[in-house]
Amino acid sequence: SSPVAVVQYNTYADNIEDKCPSDDRATDSGTIIAVSYEARSSGVKRNMSAKNAKALCPQLNVIQVPVTNKKSDIHLYREAGAEVVTVISR
């Protein structure tokens, strides 16, 4: 599968746009906060800039976290986490 990294939006930018999970959130900028195993095998790490990560792993798909009201929207991740807990607790 393709290497993937998730970036936080630029908290210092004035032009932060809302991004829903269904929006195209591909980007080439930001600081990486999560890395797939495929990307890690190419040397990509958390807290690395997307630009430096793409230099190590040109096929890297960099995705921005969903944003609502200029803040990270982690609702999607909370739902997925709850599903995992439900499956494990069976």
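What follows is a short chat about a sheet, a loop threonine and a loop asparagine in a predicted model.

Reader: Before we start, what are the ground rules for the numbers?

Author: In this predicted model, local features need pLDDT of at least 70 and side-chain atom pairs count only at pLDDT 80 or more, while totals for chains, interfaces and linings use all residues. Residues are numbered from 1 along each chain as its sequence is written, and side-chain values use heavy atoms, leaving out hydrogens and water.

Reader: In what order do the three strands of the open sheet lie?

Author: Strands here are DSSP runs of E with at least two residues, helices are H or I runs of at least four, and numbering goes from the N terminus. Two strands pair if DSSP finds at least two bridges between them. S1 (residues 4-8) has four bridges to S3, running parallel, and four to S2, running antiparallel. S2 (31-35) and S3 (61-64) are the edge strands, each pairing on one side only, and the pairing is mixed, with the order S2-S1-S3.

Reader: Which residue in S3 is the bridge partner of Ala5?

Author: Start with Val4, which stands opposite Asn61 in S3. Ala5 stands opposite Val35 in S2. Over in S3, the bridge partner of Ala5 is Val62.

Reader: Is Thr27 buried or exposed?

Author: Thr27 sits in the loop between S1 and S2. Contact means heavy atoms within 4.5 Å; leaving aside neighbours within four places in sequence, Thr27 touches Val7, Val62, Ile63 and Gln64. The cut-offs are under 20% relative accessible area for buried, over 50% for exposed and partly exposed in between, with a 1.4 Å probe and protein chains only. Thr27 has a relative accessible area of 18%, so the label is buried.
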